[in-house]
Amino acid sequence: MAVKPEWLRVKAPQWERVGEVKAILQDLGLNTVCEEASCPNIGECFKAGTATFLIMGPACTRACPYCDIDFEKKPQALDPTEPLRLAESVRRMKLNHVVITSVNRDDLADGGASQFVACIEAIKQTTPDTTIEVLIPDLCGNWQALETILASRPHVLNHNTETVPRLYRRVRPQGDYGRSLELLRRSRELAPWVYTKSGLMAGLGETDAEVQQVMDDLRAVDCDILTLGQYLSPGPKHLPVAEFVTPAQFDAWRQVGETKGFLQVVSSPLTRSSYHAEDVQRLMAQNPR
């Protein structure tokens, strides 16, 4: 495994606050993508009292070779108490902004849309001032399911394109680049008030021109927010890192993205799709809909 450069070495967190967050999550029996996907920012985010909730998991129906989430376990039936437990966690953690994501649940007719809706509604009832961001799978192109999620009025609809089209077969073999763009396009069309968001991993063998083409494709479907971060291989069974992209290149991409019209571009080696997601509240205040 390639040695990480200095800019990717994360300081050990102060575990007092981290422990408080972990205790709440364990008490309520909740999963987070922070833990399941081995996020490098877990110490910083848990210390700050934030987490990205992973619903309907932790077993995934897809086997993306870049991801550390378990795909070998059999997905279980949806738990009707999960939305209430999640809302209680949001209340205890005093979150102003919450991100809810999920594993792929291709075994469900609606891809899990009903569970997203139940979680959104529970949070709105418990902490109505909390802004809500959902990071959703492609739902296998079930646009009725997408409309169901949007009808519950999350503030941000996030769906990651993950990589450039040329690398899809290797990186995201069960995904479809065109379908992901269509999901974002329809989200804007069906819910013009929602802020749409997408993200890319760098360091998998993409070129600068390909990254900029994805930016253009996302702007063509009126995507508002873009995140760019370094891919880090979870282990020897996963895709290797092709390149450690420099902080200077990430900053250059940020500047390019801003000139292309994104309302917000978060681009750095350690950026992940929900990293500093709460900053969207400032964006919403500056660009009301």
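**Figure 1. The largest cavity of the predicted model.** About 30 Å³ of space lies in the largest cavity, and the structure holds 1 cavity of 30 Å³ or more. A cavity is a set of points on a 1 Å grid over the protein atoms alone where a 1.4 Å probe fits but cannot get out; its volume is the space filled by probe spheres set on the points, which are joined across faces, edges and corners. This is a predicted model, in which local features need pLDDT of at least 70, side-chain atom pairs count only at pLDDT 80 or more, and totals for chains, interfaces and linings use all residues. Residues are numbered from 1 along each chain as its sequence is written, and side-chain values use heavy atoms, without hydrogens and water.

**Figure 2. Lining of the largest cavity.** The lining residues, with an atom within 4 Å of a point, are Val164, Leu200, Met201, Ala202, Glu206, Val211, Leu228 and Trp253. Strand S6 (residues 195-202) contributes the most, with 3 residues.

**Figure 3. Strands S6 and S7.** These strands (DSSP E runs of at least two residues, numbered from the N terminus) pair in the parallel sense over 6 bridges, where pairing requires at least two DSSP bridges. Ala202 has Gln230 in S7 as its bridge partner. In S7 (residues 225-230), 6 of 6 residues are buried, that is, under 20% relative accessible area with a 1.4 Å probe, protein chains only. Ile225, Thr227 and Gly229 point one way from S7, while Leu226, Leu228 and Gln230 point the other way.

How values were computed:
1 Å grid on protein atoms, 1.4 Å probe; cavity = no way out; pocket = protein on both sides within 12 Å on 5 of 7 lines; lining within 4 Å. Helix = DSSP H or I, 4+ residues; strand = E, 2+ residues; numbered from the N terminus. Buried < 20%, exposed > 50% of the residue type's maximum accessible area, 1.4 Å probe, protein only.
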